[in-house]
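These are my notebook entries on a structure that I consulted for the first time. I record what I looked up, in the order in which I looked it up.

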Amino acid sequence: MQLITLQFKELSPEFLQEDPDHPRNLPKEDPETDSEKEDGEGKDSLSEASRHQDRLRASIEAVGILQPLEVMETEQKGIYTIIDGHRRYRQAKKLKIEKVPCCIYPNLPEGEFAYRQYEMQNIRKDWKPMERSQAFSRIKQLMKLSSDRKLAEFLGVSPATVSSALKLLELHSRYSGLMEQYRLPMTYRYEFVRMKQKIIKVGDFEINEIIHKLFEKAQRRVIRSAKDFRTLGKIFEEGKRHEKEVCKFLTDEDMKVGELVERTVDPPIVLYARKFMQEVGEKLGNKEKFTTDEKKICVEMQALLATFA
């Protein structure tokens, strides 16, 4: 990308417009602001977002806008599209501030606009999974990058990071209609998409049937939070081991995730044994040498297990 000349000027908010495609510019479906009120986790996110806006408003009232908005000239003379600073812009409008400080970019190609916007946001705050997925997809399309690997090289991230992000977006698009049908809050949707790849057939329940069962439980408030979907993801990772319990959960319309957890939690001895086997397996796989104490405990374990034969 070529170096560009920037201008600094105070502009009236009436000459600014939001970028409708900004991945974080989702006021109606932002998981921080659109969770159901009865969802405790949603209320916490809503409160945090509200507190952030209150702090921003108080700061602007006290000392003005300290960081200029990043804006870009448009084909319509005198009108600028916001690259970065949407929340500052909204607060300035609410406070009826006549002029706001702006760093003005010339009219940029769409791909460069999307890339610069991504970098500005990336430096300030970590992306939520779906926000990052949308940003990656937009940059890939507008920069006309032919593969995920080229996108990874362009952004300076690993190919696995790009692949996972775009897969998340693909799954969200595939199930968006169904999630809309069941009126799932956005926080639930994000967590479902993240756990979807962990769902396997259990008993006579096919994957699509399982998805409908989960959505029905969410609609009826049996699944009561996005955290429940995260918990289910962990259980489905070992779905075959807990097949009987998972089938019971899917069959019983009123069975909650907490009850399923109680039925599937391993006793301490099993947890310790699994951890022991995992660490021994890793050492063997990496061809690492065992210490004298480690060899001793392995021999003792072997002798103990021989008593069960």
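Before turning to the sheet, I noted the terms: two strands pair if DSSP finds at least two bridges between them. Helices (H or I, at least four residues) and strands (E, at least two) are DSSP runs, numbered from the N terminus. The model is predicted, with local features needing pLDDT of at least 70 and side-chain atom pairs counting only at pLDDT 80 or more, while totals for chains, interfaces and linings use all residues. Residues are numbered from 1 along each chain as its sequence is written, and side-chain values use heavy atoms, with hydrogens and water left out.

I found an open sheet of five strands in the order 1-5-3-4-2, with mixed pairing. Its edges are strand 1 (7–11) and strand 2 (16–17), each of which pairs on one side only. I then looked up strand 3 (residues 69–73) and strand 4 (residues 80–84), which pair in the antiparallel sense over four bridges. Opposite D84 in strand 4 stands E70.

Entry: helices across the sheet.
For angles I used axes, which are lines fitted to C-alpha atoms, for helices over the stretch in contact, with angles from 0 to 180 degrees between N-to-C directions. Contact means heavy atoms within 4.5 Å. Helix 2 (residues 86–94) lies across strand 2, strand 3, strand 4 and strand 5 (100–105), and runs at about 125° to strand 4. Helix 3 (residues 110–124) lies across strand 3, strand 4 and strand 5, at about 40° to strand 4.

Entry: the chain overall.
I counted 13 helices and five strands in the chain. Of its 309 residues, 39% count as buried, where buried means under 20% relative accessible area, exposed over 50% and partly exposed in between (1.4 Å probe, protein chains only). Among contacts with a separation of 6 or more, 68% join residues 24 or more positions apart.

Entry: helix 4 and helix 5.
At what angle do the axes of helix 4 and helix 5 cross? I noted roughly 105° for helix 4 (residues 129–142) and helix 5 (residues 148–155), whose axes come within 10 Å. Helix 4 is therefore roughly perpendicular to helix 5, a term for angles of 65 to 115 degrees. Helix 4 contributes F136, I139 and K140 to the contact, and helix 5 contributes D148, L151, F154 and L155. By class, I recorded five nonpolar, no polar and two charged residues.

Entry: helix 7.
I looked up helix 7 (residues 186–196) and found it largely enclosed by the rest of the structure, because 10 of its 11 residues are buried. Among the buried residues are Y188, R189, F192 and K196. The buried residues of helix 7 pack against helix 4, helix 6 (159–181), helix 8 (207–219) and helix 9 (226–237).

Entry: two single residues.
Is L214 buried or exposed? L214, in helix 8, counts as buried at 0% relative accessibility. Not counting residues up to four places away in sequence, L214 touches M195, I199, I223, F229, L232, F249 and L250. From L214 to F229 I noted 8.8 Å in space, C-alpha to C-alpha, and 15 residues in sequence.

S12 is buried, with a relative accessible area of 13%. S12 touches E98 and K99, not counting residues up to four places away in sequence.

Note on methods
Parallel < 35°, antiparallel > 145°, perpendicular 65-115°, else oblique. Nonpolar A, V, L, I, M, F, W, Y, C, P; charged D, E, K, R; others polar.
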